[in-house]
Amino acid sequence: MLFLLPPSETKRDGGAEGTRLDLGALRFPALRRQRTAAVAALRSLSGDQDAALRALKLGPKQHAEVDRNRSLRASAVMPAIDRYTGVLYDALDGPSLSASQRDFAAQHVVIHSALFGPIGALDPIPAYRLSHDSRLPDLALGKHWRDAAAAAIATGAGGGASGNGSGAGLVLDLRSEAYVHLGPAPAGSFFVRVVSEGDDGVRRALNHFNKKGKGSFVRAVIQAEIDHADLASLLDWAASASVRLSPGAPGELELVV
């Protein structure tokens, strides 16, 4: 089973003292070439602060984000699930998970970074700033990541922490459509839509609040520590855990919050 999460624009500062980025320590080692190129392009862009602010769509008071990018090779690292902040990750609350629950997340949760591609929940990363729509010199993120990231994701559910498995099992895609464009999930996966249900029984898509619903849902699955082999198993668990998850349009699930 694999959960695909989007990253967050906001990230926690700091990291473990004496640590630094090691691309070889990240899940899906086959992506090292793409990661090296993306990191080099971002650091090169960061040499020109004005150009970097424009390319990253940042305001003049956000120069600290450019400074982060310039020093990301030497910055301290922390697990990705702790690094990312914001509504989804606040609801997931990775730092409060138990040791066994964090081990479960390491096996079954993948976060799709625009800089590093798909990474494991506990992969050690520095703080950085790069979005799916950022423009790097001589590197188009969509073209750069799409095929390589899709191939990595397709091995993820069957490959454990190394991502070297022979095929994907149950895959739930909770990314935004912009990040899906950077690496589609394999055939047979399910795209999760977060909806609300009115008194009239009509379900409506949520915008901002969908992130909290996704974070809470993934946290509940992690805390249960059940590796669901198929959708039927997941739906049975959801019903028993009072999680309102049900089939939607073909290839989709609806999470009612």
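Which element gives the largest share of the lining of the largest pocket? Strand 7 does, with 4 residues. Before going on, some ground rules. This is a predicted model: local features need pLDDT of at least 70, side-chain atom pairs count only at pLDDT 80 or more, and totals for chains, interfaces and linings use all residues. Residues are numbered from 1 along each chain as its sequence is written, and side-chain values use heavy atoms, with hydrogens and water left out. Helices (H or I, at least four residues) and strands (E, at least two) are DSSP runs, numbered from the N terminus.

Back to the pocket. On a 1 Å grid over the protein atoms alone, a pocket is an open set of points with protein on both sides within 12 Å along at least five of seven lines. A cavity is a set of points where a 1.4 Å probe fits but cannot get out. Lining residues have an atom within 4 Å of a point. Grid points are joined across faces, edges and corners, and a volume is the space filled by probe spheres set on the points.

The largest pocket holds about 570 Å³ of space. Its lining counts 24 residues, and those nearest the centre are Pro6, Ser176, Asn210, Lys211 and Lys214. Helix 5 (87-92), helix 8 (177-180), strand 7 (190-197) and helix 9 each give two or more residues to that lining.

Now cavities. How many of 30 Å³ or more turn up in the whole structure? The search finds 1. The largest cavity has a volume of about 40 Å³. Among the residues lining it are Pro7, Glu9, Lys11, Tyr128, Arg129 and Tyr179.

Stay with strand 7 for a moment. Val195 lies in this strand. Val195 is buried (under 20% relative accessible area; exposed is over 50%, partly exposed in between, with a 1.4 Å probe and protein chains only). Its value is 5%. Setting aside residues up to four places away in sequence, Val195 touches Arg203, Arg204, Ala205, Leu206, Glu254, Leu255, Val256 and Val257. Contact here means heavy atoms within 4.5 Å. Val195 and Leu206 are 11 residues apart along the chain, with C-alpha atoms separated by 5.4 Å.

Next, the core. A nonpolar core is a set of buried Ala, Val, Leu, Ile, Met, Phe, Trp, Tyr and Cys residues joined through side-chain atoms within 4.5 Å. The largest one has 74 residues, and Phe116 and Phe217 have the most contacts inside it. Helix 7 supplies the largest share of this core, 6 residues. Beyond four places in sequence, the contacts of Phe116 include Leu21, Val39, Ile125, Tyr128 and Trp145.

Gly117 is buried, with a relative accessible area of 0%. Beyond its neighbours up to four places away, Gly117 touches Ile111, His112 and Trp145.

So what about helix 7 itself? The expected span of a helix is 1.5 Å times one less than its number of residues. Helix 7 (residues 141-156) has 16 residues, so it should span 22 Å; the end C-alpha atoms are 21 Å apart, which agrees. There is also a kink of about 30 degrees, centred on Ala149. That bend is the angle between axes fitted to the seven residues ending there and the seven starting there.

The buried residues of helix 7 include His144, Trp145, Ala148, Ala149, Ala152 and Ile153. An α-helix has 3.6 residues a turn, so residues three or four places apart point the same way. The cover over the buried residues of helix 7 includes strand 1, helix 1 (32-45), strand 3 and strand 4 (117-120). Take Gln34, found in helix 1. Gln34 is buried, at 9% relative accessible area. Outside four places in sequence, Gln34 touches His144, Trp145 and Ala148.

Last, two backbone points. Glu225 has a positive phi of about 55 degrees although it is not a glycine. Glu225 is in the loop between helix 9 and helix 10 (231-240), and is partly exposed at 34%. Ser242 is not a glycine either, yet has a positive phi of about 60 degrees. Ser242 lies in the loop between helix 10 and strand 9 (244-247), and is exposed, at 66%.
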